[in-house]
Amino acid sequence: MSALIEIKDLVTNFYTYEGVVKALNKISLEVESGLTFGLVGESGCGKSVLVRSIMRIVQSPGVIEGGEVKFHMKKNGKDEVIELLSLSEEEMRQIRGSEISMIFQEPNAALNPILSIGYQVSESFLFHISEQMCAKVLEDLESPRDNTNFIWKSFLRYAYRVGSKDAKALPLRIFNKIPILKCWDKRLKEEATRRSIEIIDKLHVPHPEQVVKSYPHNLSGGMKQRIVIAIALACNPELLIADEATSNLDVTVQAQILELLNELKKEYISSIMLITHDLGVVAETCERVGVMYAGNLCEVADVREIFKNPKHPYTKALLNSVPRFSTEGRLAVIDGFVPNLVNPPSGCRFHPRCPLTMEQCKQNVPDLKETGDRHLVACYAVD
Ligand SMILES: Nc1ncnc2c1ncn2[C@@H]1O[C@H](COP(=O)(O)OP(=O)(O)O)[C@@H](O)[C@H]1O
Ligand SMILES: [Mg+2]
């Protein structure tokens, strides 16, 4: 399986009044292409900071201090490796949305309350206007020769790219002056609406033709989150990152949406990174799992392996804290708290809570090492 993202020694800190929060402590991780990768860990372990660092949307006062994030982009069938941390902000903006999309817990923050659903989904299609979409529009219209076709295609794409950034952009204004362009503009918008209805329908939103005409406040939380997913999928990203995206929804809706994501994965996206604190969700939807604790990755393995053969004491504790119907009495919880990351424990950050602590755990940070079939663990007590 080929790599999609390779993270090496990633360090992100927050400069707060209480001191420096060491949120990511040299994270190294490879996420393969084509998989659903689950990232788990208690609240405050650094899951959101990790994915925000990949996207380079860490909130102030956070700073990405070092490391590498290599992204393997498939371009015209070729594998192109891009170092995301060294891109300019403008180049990174091109990657966000078109190559890597992210959805969050709160759909209201992602939707504009005064624009129709149809407008917002179409906009995503138009901004990331594909070769195929231009071709379709051109096919419907009479066009004189093939080579002019190419020029028009490039022009249409360019006009929308520029136009989406700046409402007063010249190319889009030209569209309304020259009859043939006006006609194309109309067709493009119709094509975008058609695709919007199609994708909303795929997300099992009832009556998509009416939904495109409605506004966010007309829809329920679950439906709104589906629309947010539709917008994210419209640009055909290589990677979709869902940060606790379904945690706010009730269990049934959550299950439906996760099932849908997996279904749509093949058609619209190649890989998913799913962040959750719910191990049940991981078991059902992910193929590979990474476990985070206090800014470190402590274990990475295939999903079956991690449930059958967890090796890191933290992973074991996490699995034991999952409610089981068969066990009577109290729910097992992990003793203690995730430490304050301004003054994290020395050595392995889990050592104060760990039943297997040895002297060297207090001194040194264990590396994430291969300890079995595609199974990585960072623990001195595991060989
Ligand atoms: N804006 C911020 N300012 C200060 N510290 C932050 C900020 N955002 C996150 N952190 C710190 O980074 C650590 C990881 O947080 P986060 O990635 O949100 O955890 P998770 O997503 O695993 O629940 C926490 O210790 C948190 O306090
Ligand atoms: Mg989070």
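Student: What order do the strands follow in the open sheet of eight strands?
Tutor: The order is β6-β7-β8-β3-β9-β10-β12-β11, and the pairing is mixed. Strands are DSSP runs of E with at least two residues, helices are runs of H or I with at least four, and both are numbered from the N terminus. Two strands pair if DSSP finds at least two bridges between them.

Student: OK, and which are the edge strands?
Tutor: Those are β6 (100-103) and β11 (369-372), and each of them pairs on one side only.

Student: By how much are neighbouring strands of this sheet turned against each other?
Tutor: On average by 20°, ignoring direction. For angles like this, axes are lines fitted to C-alpha atoms (for helices, over the stretch in contact), and the angle between N-to-C directions runs from 0 to 180 degrees.

Student: Before we go on, where does this come from?
Tutor: This is a predicted model, with local features needing pLDDT of at least 70 and side-chain atom pairs counting only at pLDDT 80 or more, while totals for chains, interfaces and linings use all residues. Residues are numbered from 1 along each chain as its sequence is written, chains are lettered from A and ligands are numbered from 1 in the order in which they are written.

Student: Good. Back to the sheet: how many bridges join β7 to β8?
Tutor: Five, between residues 239-243 of β7 and residues 271-275 of β8, and the two strands run parallel. Within that pair, Leu-240 is opposite Ile-272 of β8.

Student: Which strands does helix α1 touch when it packs on the sheet?
Tutor: Helix α1 (residues 47-55) touches β3 (36-40), β6, β7, β8 and β9 (288-293), and its direction makes about 145° with that of β8. Contact between two residues means that their C-beta atoms, placed from the backbone, lie within 7 Å.

Student: And α14, which strands does that lie across?
Tutor: Helix α14 (residues 313-320) lies across β9 and β10 (296-302) and runs at about 100° to β9.

Student: There's an open sheet of four strands too. What's its order?
Tutor: That one goes β2-β1-β4-β5, with antiparallel pairing. Its edge strands are β2 and β5 (78-83), each pairing on one side only. From one strand to the next, the twist averages 10°.

Student: How many bridges do β1 and β2 have?
Tutor: They pair in the antiparallel sense over 11 bridges. A hairpin through two residues joins β1 to β2. Phe-14 has Val-21 of β2 as its bridge partner.

Student: What about β4 and β5, how many bridges there?
Tutor: Six, again in the antiparallel sense, with β4 covering residues 62-75. Met-73 sits opposite Glu-80 of β5.

Student: Which strands of the four does α1 lie across?
Tutor: α1 lies across β1, β2 and β4, and runs at about 70° to β2.

Student: Switching topic: how many residues surround ligand 1?
Tutor: There are 16, and the closest are Phe-14, Ala-23, Lys-47, Ser-48 and Val-49. A residue is near a molecule if its C-beta atom, placed from the backbone, lies within 6 Å of it. β1 (3-16), β2 (19-32) and α1 each supply at least two residues of that shell, and the largest share, three residues, comes from α1.

Student: How do the shell residues divide?
Tutor: Into seven nonpolar, eight polar and one charged. Ala, Val, Leu, Ile, Met, Phe, Trp, Tyr, Cys and Pro count as nonpolar, Asp, Glu, Lys and Arg as charged, and the others, Gly among them, as polar.

Student: Now helices. At what angle do α4 and α10 cross?
Tutor: The axes of α4 (residues 117-127) and α10 (residues 221-234) cross at roughly 20° and come within 7 Å. On the α4 side the contact uses Ile-117, Gln-120, Val-121, Ser-124 and Phe-125, and on the α10 side Ile-227, Ala-230, Ile-231 and Ala-234. These residues divide into seven nonpolar, two polar and no charged.

Student: Which residues of α10 meet α11?
Tutor: Gly-222, Gln-225, Arg-226 and Leu-233 of α10 meet Val-253, Ile-257, Leu-264 and Tyr-268 of α11. By class, that contact has five nonpolar, two polar and one charged residues.

Student: Last one: which residues does the cis peptide bond join?
Tutor: Ser-60 and Pro-61, with omega at about 5°. Pro-61 is in the loop between α1 and β4. Also, His-207 is not a glycine, yet its phi is positive, about 50°; His-207 lies in the loop between α8 (179-202) and α9 (208-211).
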